[in-house]
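Hi everyone, thanks for coming. Please have a look at the sequence and the model on the screen, and then I'll walk you through a few places in it.

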Amino acid sequence: MFADRILSGMRPTGKLHLGHYHGVIKNWVQLQSEHECLFMVADWHALTTNYDDVAVIEQSLWDMVIDWLAAGVDPAQATIFIQSKVPEHAELHLALSMVCPLGWLERVPTYKDQIEKLSHKDLTTYGFLGYPLLQAADILVYKANQVPVGEDQVPHIELTREMARRFNHLYGREPGFEEKALAAVKKLGGKKGKLYTELKTRFQQEGDEAAVEAAHALLQDAQNLSIGDRERLFAFLENKGRVILPEPDALLTAASRMPGLDGNKMSKSYGNTIALREAPESVAKKVRAMPTDPARVRRTDAGDPAKCPVWQLHQVYSDEPTREWVVKGCTSAGIGCLDCKQPVIDGVLREQQPMFERAQKYLDDPTLVKAIVADGCERARKIANDTMKDVREAMGLGY
């Protein structure tokens with residue numbers, strides 16, 4: 001019914017690290033060759049928690065886009081854009097806020113959780129309370145039907161689905177809907193119009209699901225229908241109101257807990273990260289300084305890899321023979337901790353090398369990045385503007 005379209009984004013709040021790559025960007029690189037993808041620099045979202053320190057947003061924005069490109073996001077396959085450069089996000093957010101029950105926002109699980117975790121900040125603002133609604137607007141303004149998220153973000157997608165459902169319930173039954181739908185049937189032409197009517201009857205009287213599929217294919221191939229008329233006929237087929245904002249599905253991504261230098265999840269708040277494009281000498285220094293199994297006080301003491309943070313990085317960067325070498329050498333004291341760390345250093349540097357190579361041309365000529373983003377913003381705004389035409393008309397603002 002709607003385009004196979006994916007939306008995802010990241011907030012520009014500092015340098016990206018390998019946790020971002022393994023948790024998010026690596027998945028984007030795969031998705032971009034399989035779907036229509038829009039990747040958003042969520043700078044308005046960064047303001048929800050960093051409204052008192054906007055310098056970090058400006059500093060991080062362009063570096064983050066270069067990191068995406070360096071990691072393999074391809075502007076020839078995906079649309080890269082900046083949220084605040086597409087004002088339709090804010091317009092739809094405002095429109096949805098008119099019909100969003102306050103309790104829906106207060107019950108989002110991450111709301112109270114984040115207030116507790118960020119207790120040092122004053123988050124008693126509408127911007128923070130309303131950020132899930134802005135997320136809903138981000139998704140719905142592109143009529144994205146899939147959003148890649150981890151399990152902790154599923155409630156946000158459910159809120160988006162509820163908002164789409166509520167909006168369609170309130171505004172989908174436009175005045176003169178049936179008359180407009182019948183006029184759209186005539187636009188199909190005599191033969192196709194008759195077939196559509198037969199398929200509609202088969203579904204509504206007999207519950208024939210195959211008839212729905214056949215009618216959908218018929219409407220998708222109809223070249224002389226506007227987007228609005230096509231959506232009316234989809235709704236008319238199943239005796240529903242017009243679907244103005246389609247409900248997206250959560251595209252669950254495999255949990256990826258990239259270990260940090262201390263064994264905890266890699267996170268800027270823990271100070272245990274390796275930046276996506278960190279200098280090789282800095283990577284080597286950080287890995288060599290990692291804590292190891294506390295039982296290995298002396299070189300001759302045997303250790304247990306399961307108690308060593310370095311072993312977690314071997315799970316990411318080492319092949320099976322290397323891991324076997326580590327287990328044998330550590331448990332027998334046959335290798336020292338610095339010996340054990342070297343394959344991890346080599347693995348990280350191998351992963352980063354193509355990133356440095358891809359990034360270099362953008363560092364040499366920053367106008368290339370600006371051009372990619374400008375083109376992406378233009379493409380994104382065209383899609384968003386088409387959606388907002390429907391929203392304004394449905395809400396009586398399309399005069």
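Let's begin with a word we need throughout: a residue is buried when its relative accessible area is under 20%, exposed when it is over 50%, and partly exposed in between, using a 1.4 Å probe and protein chains only. With that in hand, K143 is buried, at 8% relative accessibility.

Before going on, a note on where this comes from. This is a predicted model, where local features need pLDDT of at least 70 and side-chain atom pairs count only at pLDDT 80 or more, while totals for chains, interfaces and linings use all residues. Residues are numbered from 1 along each chain as its sequence is written, and side-chain values use heavy atoms, with hydrogens and water left out.

Now the overall picture. The chain has 399 residues, and 48% of them are buried. Its secondary structure comes to 18 helices and five strands; these are DSSP runs numbered from the N terminus, helices being H or I with at least four residues and strands E with at least two. Along the principal axes, the C-alpha atoms fill a box of roughly 85 × 45 × 45 Å. The accessible surface is about 19,600 Å², and 53% of that belongs to carbon and sulfur atoms. Such areas come from the Shrake-Rupley method with a 1.4 Å probe, and for residues only the protein chains shown count as cover. A contact means heavy atoms within 4.5 Å, and of the contacts with a separation of 6 or more, 76% join residues 24 or more positions apart.

Back to K143, which sits in the loop between α8 (131-140) and β4 (146-149). What is the phi of K143 near? The value is near 50°, which is positive, in a residue other than glycine. Most residues other than glycine have a negative phi. A333 also has a positive phi, near 60°. A333 lies in the loop between α16 (320-331) and α17 (337-364), and is buried at 13% relative accessibility.

Next, helix α4, residues 88-97. Its buried residues are E88, H89, L92, H93, A95 and L96. Looking down the axis of α4, these buried residues fall within an arc of 165°, so they line one face of the helix. That arc is the one spanned by the directions from the helix axis to the C-beta atoms. An α-helix has 3.6 residues a turn, so residues three or four places apart point the same way.

On to the surface. Which residues form a nonpolar patch there? They are L47, Y51 and V54, with about 250 Å² of accessible area together. Like charges are joined within 9 Å, and nonpolar side chains (Val, Leu, Ile, Met, Phe, Trp, Tyr) within 5 Å. V54 is in the loop between α2 (43-50) and α3 (55-71), and is partly exposed at 47%.

Now R165, in helix α9 (residues 154-171). R165 is partly exposed, at 38%. Leaving out residues up to four places away in sequence, R165 touches E158 and E247. R165 and P246 are 81 residues apart in sequence, yet 8.0 Å apart in space, C-alpha to C-alpha.

Technical notes:
Patch = residues over 30% accessible without salt bridge, like charges linked within 9 Å, V, L, I, M, F, W, Y side chains within 5 Å. Salt bridge = Lys/Arg side-chain N within 4 Å of Asp/Glu carboxyl O.
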